[in-house]
Amino acid sequence: MTMDQVSESVDNLVQQFTKLPGIGKKSAERLAFHVLRQHESEALALADAIRRVKENVRYCQTCYNLTEQDQCAICRDLNRDRSRLAIVEQPRDLVCLEATGAYRGLYHVLLGRIAPLEGIGPEQLTIERLVERVRGGQFQEVIMATNPTVEGDGTALYLSNLLAEFPVQITRLARGVTSGSVLEFANREMLSDALSGRQPF
Ligand SMILES: [Zn+2]
């Protein structure tokens, strides 16, 4: 018996699960059966958690990190080093750098990277706001912490040219992070080394 023959609702749940990254048809069916076995309160808690993040979580007005307020916890934290700005692609990259505990500056999340082959240009990222922030003049160092991929490097190069007119030092994470890997998969020590060994761009 396949799931398709069980019920339309179950089939729909399987379809939703297969849209998740790394979840194939088999895993989706396993998850759907799991939900069917769960107590109603437990299953609905999952549905509610999804609804709550979609309703409450938004982008920080300053740095585009995720937050439930106008400004994220990092931008609000007066103990952060406000002379340094690390540029990352996604909020999850910021989380990885934070986990190292080696960086105390501020961030700017691009919400992507320049990828001409996918039709993603600079105007689709948060670059305008970035330039505005750097123009504000409080930063001494801007750290390119985009991923060490072709697109990440290209984005860093584009941004360093764009920011060259401002009196800030532009640096890039050291190659402790293996080329082609993404920050998400680098371990804490590698990232910490990459931060401490950063080089002028
Ligand atoms: Zn923020």
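Is arginine 80 buried or exposed? Arginine 80 turns out to be buried (under 20% relative accessible area, where exposed is over 50% and partly exposed lies in between, with a 1.4 Å probe and protein chains only), at a relative accessible area of 6%. The model is predicted, so to speak of local features takes a pLDDT of at least 70, and side-chain atom pairs count only at pLDDT 80 or more, while totals for chains, interfaces and linings use all residues. Residues are numbered from 1 along each chain as its sequence is written, and side-chain values use heavy atoms, with hydrogens and water left out.

Arginine 80 pairs up with glutamate 98 in a salt bridge at 2.8 Å, N to O (a side-chain nitrogen of Lys or Arg within 4 Å of a carboxyl oxygen of Asp or Glu). The two sit 18 residues apart, arginine 80 in the loop between α4 (73-76) and β3 (81-88) and glutamate 98 in helix α5 (residues 91-100). Glutamate 98 is partly exposed, at 26% relative accessibility. In total, the structure has eleven salt bridges.

Note on methods:
Helix = DSSP H or I, 4+ residues; strand = E, 2+ residues; numbered from the N terminus.
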